[in-house]
Amino acid sequence: MQTKLARIAEIAKEKPNEQFTSLYHFLNEELLMQCHRELDGNKATGVDRVTKAAYEENLEENIRTLVDRLKKKSYRPQPVRRTYIPKDEKSVRPLGIPAYEDKIVQLGLNKILQAIYEQDFLDFSYGFRPSRSCHDAMKALNRIIEYGKTSYVVDADIRSFFTNVDHEWLMKFLRLRIADPNILRLINASLKRE
């Protein structure tokens, strides 16, 4: 599976305007099994209260059934469980916790999208990227300030960005590189369940 995703990444890098028309078949037993193995079993459960350990009790059948539902397009993400975590002494931040099976599908989608979009990101982009952290961003910023010509630094934070991102525009953006209607439908269904 990794070599297939690596090939997608290679095409995405070589052809920045390429639209990928056939990606849905990558959401197969091999990829979803890998996603299950990578998920942290100590995370909070979604509305179904299914843990990684419970899902694992009948793992092969669960994954096979999940892939079958994906193929038949009968898979529907469950609503997320909304909880609130402290942001500071005065406020809380909403947190959506997906069902375990939805986490598997989301990680699979993430791997497919990452293969394409990682090629498009600039080297100085750090947010939510593999093998990069806010500490890496701070080190790079420190080097620029220390050794470069810096007149000013702007610190901006878009309040509740992920809560308020326009899903219609997000889908339009995705259509620039993805023309597989099944992947787009699945992403759209995942966005609408909150």
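Select Gly127 first: in this predicted model, Gly127 is found in the loop between α5 and α6. With a relative accessible area of 56%, Gly127 is exposed. Gly127 and Ala137 are 10 residues apart in sequence, and their C-alpha atoms lie 8.5 Å apart in space.

Remain in this loop and select Ser131, which also lies between α5 and α6, the latter covering residues 134–147. Although Ser131 is not a glycine, its phi is positive, at about 60°. Ser131 is exposed, with a relative accessible area of 76%. Next, display the side chains of Arg132 and Tyr126. Arg132 lies over the face of the Tyr126 ring, at 5.1 Å from the ring centre.

Is Arg49 buried or exposed? The relative accessible area of Arg49 is 52%, and an area over 50% counts as exposed, so Arg49 is exposed.

**Aromatic pairs**

Now display the aromatic side chains. The count comes to 2 aromatic pairs. For one of them, select Tyr55 and Tyr100: the rings are 5.2 Å apart, centre to centre, with 55° between the planes, and the pair is tilted. This pair links distant parts of the chain, for Tyr55 belongs to helix α3 (residues 52–56) and Tyr100 to helix α5 (residues 100–117), 45 residues apart. Tyr55 is buried at 5% relative accessibility, and Tyr100 is buried at 3%.

Which kind of pair do the rings of Tyr117 and Phe173 form? Their centres are 5.7 Å apart and their planes stand at 25°, so the pair is stacked. This pair, too, links distant parts of the chain: Tyr117 is in helix α5 and Phe173 in helix α8 (residues 167–175), 56 residues apart. Tyr117 is buried, with a relative accessible area of 9%, whereas Phe173 counts as partly exposed at 47%.

Then select Lys172 and Trp169. The charged end of Lys172 sits over the ring of Trp169, 4.3 Å from the centre of that ring.

**Helix α4**

Select residues 59–72, which make up helix α4. This helix has 14 residues and reaches 20 Å from its first C-alpha to its last, close to the 20 Å expected at 1.5 Å a residue. Colour its buried residues: Leu59, Ile63, Leu66, Val67 and Leu70. Turn the view to look down the axis of α4. From there the buried residues fall within an arc of 95°, so they line one face of the helix.

What covers the buried residues of α4? The cover includes α2 (29–38), α3, α5 and α9 (181–192). On the other side of α4, Lys71 and Lys72 are exposed. Just after α4 comes Lys73, with a positive phi of about 60°.

**Helix α9**

Continue to helix α9 and select its 12 residues. At 1.5 Å a residue these should span 16 Å, and the end C-alpha atoms are 16 Å apart, which agrees. The buried residues of α9 are Ile183, Leu184, Leu186, Ile187 and Ser190. Look down the axis of α9 in turn: its buried residues fall within an arc of 160°, so they line one face of the helix.

Show the surroundings of that face. The buried residues of α9 pack against α4, α5 and α8. On the other side of α9, select Pro181 and Lys192, which are exposed.

**Cysteines**

For the last stop, select Cys35 and Cys134. Cys35 is buried, with a relative accessible area of 0%. Cys134, by contrast, counts as exposed at 54% relative accessibility. How many disulfides does a search of the whole structure find? The search finds 0 disulfides.

Note on methods:
Residues are numbered from 1 along each chain as its sequence is written. This is a predicted model: local features need pLDDT of at least 70, side-chain atom pairs count only at pLDDT 80 or more; totals for chains, interfaces and linings use all residues. Side-chain values use heavy atoms; hydrogens and water are left out. Rings of Phe, Tyr and Trp (its six-membered ring) pair if their centres lie within 6.5 Å; planes under 30 degrees apart count as stacked, over 60 as edge-to-face and the rest as tilted. Helices (H or I, at least four residues) and strands (E, at least two) are DSSP runs, numbered from the N terminus. Buried means under 20% relative accessible area, exposed over 50%, partly exposed in between (1.4 Å probe, protein chains only). A charge sits over a ring if NZ of Lys or CZ of Arg is within 6 Å of the ring centre and within 35 degrees of the ring normal. The expected span of a helix is 1.5 Å times one less than its number of residues. The arc is that of the directions from the helix axis to the C-beta atoms. Contact means heavy atoms within 4.5 Å. A disulfide is a pair of cysteine sulfur atoms within 2.5 Å.
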